[in-house]
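Hello,

Here is the structure I promised to pass on. Please open it first, then read my notes below.

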Amino acid sequence: MWRSHPEAAEVAALSSIRFSSHQDERLQSKTMPEQLPAMPGDVEKLHSKIERAVADRQLMESAETNIRILLSRAPSDLFLRVVDELVTAGAWPELNDRFYQTLVFGTGGLRGRTIGKIVTAAERGSSHKDERPQFPCVGTNAMNFFNISRATRGLVAYLHDWNQREKISAKPKIVIAHDPRFFSNEFTELAAKVASANGCDAFVFEGPRSVPELSFAVRYLRANAGVVITASHNPPHDNGYKVYFNDGAQVIEPHASGIIVKVNAITSEVFTPLPKDRQGKITTLGKKIDEAYMHRLQTLILDPQIIREAKSLRVVYSPLHGTGRIIIEPMLKRLGFNFDVVPGQDRFDGRFSTVKSPNPENAEALTMAIDLAQKEDADLVVATDPDCDRMGAAVRAQETADTAATTGGKMKLLTGNQIGSLIAYYRTKTLFDQGILNKENAARAVIIKTFVTTDLQKAIAEHYGLRCVETLTGFKYIGAKLSKYERALPKNVRGNYVDLGEEETRRLRLAYSSFYVFGGEESYGYSGADFVRDKDGNGAVIMFCEVAAYAKSRSQTVDQLLDEIFAIFGYFAEKNGSLVFEGAEGASKIKQLVESYARHPFSEVLGSKVTGTRNFETETVHDIEGDEIPKEKMSIFELENRTRIAVRGSGTEPKIKYYLFAQQRPKNGKFDPAELERIKKEVREKLDQLWDWLQEDAQSRLGGSQG
């Protein structure tokens, strides 16, 4: 029998399925004490306290049930000691947080706390107070060994079923990557061992690697699935488990529901490994995959000559203690960019100790990089989050820029919409300049964006005759489009498509299917090729540095290039806002608001009539290619003055999100500089007024006047 939580009782079982001797020693030394002290207190006395807390409504009944189940199946006394500590301290809110449910495996996988709000002495173990606890958070609603095991077992069970349905006799193959977060390495090792024990070959990177490299590796190795142990840019106490299918994209239907059913059906951490001859192998991945990925990344550069000529361009990069340092630094060097790396952030650190949040869209996270840029008189700052799927940027502002939108008066933060539009414009224009795209084949080229991403990218696509396809929020939907375009290729080339070079795949896509020029979302995720099926922070840095080199070659700042784009296509501005409602009462308010917008949509907003409304939950919506959009609780309102409002509940946070879009197009020719500055001010003021109005309207709806 096998118990997934690697405590003392599991040492023998774990050692029977070995990674390597030194890795087993490392895993055991960190998370598996050979001997534990005797169980504290009396078990019946503990249960009596728990029952009394339920009667006094301090502890939820579901939490009591999950505590009893966990303790009845505990592989060691660690669980009991943790619960006993929390009960003795009267930490009922903490116990409710940890046990009110079993961590739900959803369409995005798992995400939760791996370090509790309260760290017990039992969890602290031999670690010092300023160190990571020896053991992850104990609880059914936490990211720990049990939930890693059940997720892996459920995924592998689905892969076996899938192979059987597809009449594939080979063992399933799974690729596993992780970021530098607390317990990521141990979770990865356990996932690999559980997969192997259940008859799946596991390929594991030798150290932290990015989300996009995992996506690439799944396709490169022709694996059935991939897993990344990461919580993206969440706080240090969190971790997660993201699942990818054989196309290298995050799972969507029907796979998502199939995997969810398998995972959520698992309630015990005990299982029997398959016989040795049916178990899978565990293989360590090293520099070979890195080099293959970097070779494809290099093809993202459209004009190497521009980079060679832009020697005066200076770039500052920060990996924010994450995986970006593995690929981006050698790539920038290989491509010939003149760059500096923020020294204090160029190391793995699960605490992300130099920032409040390792989120590159936040000004605070870029503070050290901007300080270095000021010191070195750099033109550009780029930063990536810990799993390197997102990129944020700051650029040298032109002297006439609005100082309210600058950092330190010299470096200006760009929004995700602005970064994506700059890349989309440069790549489209350059492909036309090079003759790769032309009027005859432009209809086969495509820019993909989410519904809540700026309409400037749609305007660019329409100007050049490209399709602009819109998807729901989440790069998995962009990945699904890329898989669709690959399936549209002739059958005789699909078999080895992954092995073909970029020029050949581009020729095939333009001849038979759709050529993907660029894809992005407002939340700082971008992609410029189909060899990665998720947002790619590595690729984004490379593409954006080329945009900066292009601007430099024309004696422009990136900020001036952006204004040139606005002058040609029109000024597009966006504002995002959210209303936070926490707890059970908050969830009810979010539901009430979402339903209110569906039942009582706006008819007029600030004097502008609503000309169109789309409810993505109740209506059947098709994209420009005729594909049906999956149902989602989101409403979009179009106003007569080309203003757009999107409202949706967050899938991961206790909030309702609002996306506001405004634009003003030039009536004749293009805007002159003075006109553009005036329009910028007017449009920004309009968005501020709109956000104020929406907040007042939301309070009115919650007050019952419309809801």
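By class, seven nonpolar, two polar and four charged residues make up the lining of the largest cavity. Here Ala, Val, Leu, Ile, Met, Phe, Trp, Tyr, Cys and Pro count as nonpolar, Asp, Glu, Lys and Arg as charged, and the others, Gly among them, as polar.

Before going on, note that this is a predicted model: local features need pLDDT of at least 70, side-chain atom pairs count only at pLDDT 80 or more, and totals for chains, interfaces and linings use all residues. Residues are numbered from 1 along each chain as its sequence is written, and side-chain values use heavy atoms, with hydrogens and water left out.

The search works on a 1 Å grid over the protein atoms alone. A cavity is a set of points where a 1.4 Å probe fits but cannot get out. A pocket is an open set with protein on both sides within 12 Å along at least five of seven lines. Lining residues have an atom within 4 Å of a point. Grid points are joined across faces, edges and corners, and a volume is the space filled by probe spheres set on the points.

Seven cavities of 30 Å³ or more turn up in the whole structure. The largest cavity has a volume of about 100 Å³. It is lined by 13 residues, and the closest to its centre are Leu302, Arg427, Glu502, Phe515 and Gly528. Helix H16 (416-433), helix H20 (502-512) and strand S16 (515-521) each give at least two residues to this lining. Helices (H or I, at least four residues) and strands (E, at least two) are DSSP runs, numbered from the N terminus.

The second largest cavity holds about 70 Å³. Its lining is Phe216, Arg219, Arg296, Tyr497, Val498, Thr505, Asp530 and Phe531.

Of its 41 lining residues, Asn246, Asp247, Ser483, Lys484 and Arg487 are the closest to the centre. H18 gives the largest share of the lining, nine residues. By class, the lining has 17 nonpolar, nine polar and 15 charged residues.

**Helix pairs**

Axes are lines fitted to C-alpha atoms, for helices over the stretch in contact, and angles run from 0 to 180 degrees between N-to-C directions. Angles under 35 degrees count as roughly parallel, over 145 as roughly antiparallel, 65 to 115 as roughly perpendicular and the rest as oblique. Contact means heavy atoms within 4.5 Å.

Start with helix H3 (residues 43-55) and helix H4 (residues 61-72): their axes come within 9 Å and cross at roughly 165°. H3 and H4 are therefore roughly antiparallel. In the contact, H3 uses Leu46, His47, Ile50, Glu51 and Val54, and H4 uses Glu61, Glu64, Ile67, Arg68 and Leu71.

Next, helix H12 (residues 287-298) and helix H14 (residues 324-335) pack at about 50°, with axes 11 Å apart. H12 and H14 are therefore oblique to each other.

How do H16 and H21 lie? The angle between H16 and helix H21 (residues 537-553) is about 70°, and their axes are 10 Å apart. They are therefore roughly perpendicular. Ile419, Leu422, Ile423, Tyr426, Arg427 and Lys429 of H16 meet Ala540, Met543, Phe544, Glu546, Val547 and Tyr550 of H21. This contact has nine nonpolar, no polar and three charged residues.

Best wishes
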